[in-house]
Amino acid sequence: MQMTVKILTLTGASSSDTHSWQAIDWQAVEASVCRLQMRIAKAVQAGRHHKAKALQWLLTHSFHAKLLAVKRVTQNRGAKTAGVDGKICRTPKQKMQLTRSLQRRDYVAQPLRRICIPKKRNTTERRPLSIPTIGDRAMQALYLLALEPIAEINADPNSYGFKPQRCTADAIEQCFRVLSHKTSAQYILEGDIRQCFDRLDHVWLKAHIPRDKRILEQWLSAGYMEKHLLYPTKAGAPQGGVASPTLSVMALSGLERTVKSVVKQRDKVHVVAYADDFIVTAASKEVLEQKVKPAIEAFLKVRGLELSETKTKITHINQGFDFLGYQIRKYHGKLLIKPSKESIKTFLWDIRRIIKTSRAMETTRLLAILNPKIRGWAYYYRHVVAKGVFTYVDDCIYRALANWVKRRHPNKNATWWRKHYFRKQGARQWIFSAKDPVKDGQWIDLFKMRLLPIKRHIKIIAQAIPYDVAWKDYFKQRAQRKRHLNSKLQEIPNLSKGYKVLNNFTNVQLG
């Protein structure tokens with residue numbers, strides 16, 4: 001779809017909007033919103049749902065919450081992507097104007113902009129993304145602030161996807177805990193929900209999502225534009241919407257309780273879920289086929305969902321299975337978790353594609369593109385048995401870059417290549433590097449994954465809720481431990497240069 005991007009403009013704005021946005025004390029804003037969110041969570045835990053509803057109304061009409069909502073949607077990765085109106089919000093003045101425009105009265109959601117992206121490498125299969133306008137995204141982010149505490153209270157303890165303070169590393173560590181012992185379950189049901197976002201039943205969502213029904217109706221029935229035609233949305237939560245991940249989490253809340261209600265303790269049944277991907281362990285194949293799978297199918301049917309017949313299967317732990325980009329398998333009774341072969345192939349395919357299509361690119365620019373990708377992939381897998389894989393991938397990338405240098409200068413010899421593209425440091429003789437002219441000739445090295453130390457991930461306590469005041473000190477300690485670990489990593493040679501933890505790499509990896 002051809003679209004001209006326009007900068008968001010609104011009338012009636014103060015001339016001091018720019019100064020006002022820049023002068024905001026964001027720490028105070030976040031503290032104010034967090035206090036209201038904790039009050040909502042406390043009311044829900046006490047069964048005082050009317051009070052929780054009143055607190056939700058108070059939060060969604062709070063100016064601090066509106067500021068935080070606008071900040072989140074204008075600083076994330078999709079901030080530069082326009083909706084059907086072609087508008088984006090870039091300057092401080094525009095952000096303040098957008099904040100003032102967030103009003104429930106007379107709010108009407110605009111249709112979504114539908115685009116399709118490749119689902120996997122070398123495939124014609126495409127995934128539809130529905131992109132709201134910047135105003136609708138801000139409105140969703142505002143109401144999401146009031147919904148997240150309730151979603152956290154009601155969510156399954158071993159659900160780790162699209163939830164604050166949780167990540168794929170927590171889900172993988174839980175897999176290790178329930179499968180690593182000699183007496184652990186031997187069979188795994190690999191569950192995959194067919195088109196989860198696209199098939200969620202609107203009637204069920206309206207009846208069970210505790211939020212403003214009129215606002216929810218606007219988002220669900222806004223329709224989408226594709227090739228200048230308007231299509232209705234009769235089911236599903238749009239992929240690309242700010243609130244859609246939380247809606248899916250709430251729709252799948254209760255899956256773990258449902259499964260455990262039909263089995264006995266000796267069946268060794270455990271559920272580990274990340275969004276619409278999940279596994280269920282059991283002591284025997286019969287338990288999974290006769291009890292667990294029928295219970296899951298009945299649970300999903302009420303919500304308009306169903307399991308994918310091709311992707312849902314039962315596997316023995318000795319055969320191994322892939323989950324969230326990891327391979328989990330027992331070798332002679334010992335559980336090992338490694339990067340999956342498919343993930344390695346996909347990553348190397350992407351790196352080689354970038355190198356091959358950058359023949360005329362400056363070395364500094366190429367390194368600026370490669371290093372964040374390599375670093376992000378390494379950090380995603382640094383908690384498991386990945387040192388051998390890191391060494392292998394480093395070698396593949398080095399060979400691809402060596403061929404890149406040879407293609408650029410076919411008439412030069414190895415001495416010339418080494419002088420212009422490599423440097424040595426200590427025992428390392430061939431470090432692919434370039435001098436950054438912007439930073440006074442400082443060397444930029446290719447990131448080496450093998451230098452990244454393997455560090456076991458400390459799993460979050462399953463029952464911990466960030467909006468519960470009882471867990472406040474626990475999450476404070478986790479944040480301090482993370483900052484300490486990051487500071488230690490910055491001291492390691494080759495990691496400190498351009499160091500940046502890619503918190504959003506999980507979404508890229510799963511996409």
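## A tour of hairpins and salt bridges

Select β15 and β16 in this predicted model: the two strands form a hairpin with five residues between them. In the turn, pick aspartate 440, which has a positive phi of about 55°. The strands run antiparallel, paired over four bridges. β15 covers residues 428-436 and β16 covers residues 442-445. Click aspartate 436, then its bridge partner in β16, glutamine 442.

Now step back to β14, residues 422-425. β14 pairs with β15 in the antiparallel sense over three bridges. Phenylalanine 422 sits opposite phenylalanine 432 of β15. Two residues separate the strands in this hairpin, and glycine 426 has a positive phi near 65°.

Next, the salt bridges. The count is 14.

Show aspartate 394 and arginine 450. Their side chains meet at 3.3 Å, N to O. The aspartate is in helix α16 and the arginine in the loop between β16 and α18, 56 residues apart. Aspartate 394 is buried at 2% relative accessibility; arginine 450 is partly exposed at 35%.

Move to aspartate 156 and arginine 257, a salt bridge of 3.4 Å, N to O. Aspartate 156 lies in the loop between α6 and α7 and arginine 257 in helix α12, so the pair ties together parts 101 residues apart in sequence.

Then select helix α14, residues 341-356. Arginine 353 and aspartate 350 form a salt bridge there, 2.5 Å from N to O. They are three residues apart, about one helical turn.

Last stop: Glu173, Arg177 and Arg456, linked in a network of salt bridges.

Definitions and conventions: Residues are numbered from 1 along each chain as its sequence is written. This is a predicted model: local features need pLDDT of at least 70, side-chain atom pairs count only at pLDDT 80 or more; totals for chains, interfaces and linings use all residues. Side-chain values use heavy atoms; hydrogens and water are left out. Two strands pair if DSSP finds at least two bridges between them. A salt bridge is a side-chain nitrogen of Lys or Arg within 4 Å of a carboxyl oxygen of Asp or Glu. Buried means under 20% relative accessible area, exposed over 50%, partly exposed in between (1.4 Å probe, protein chains only).
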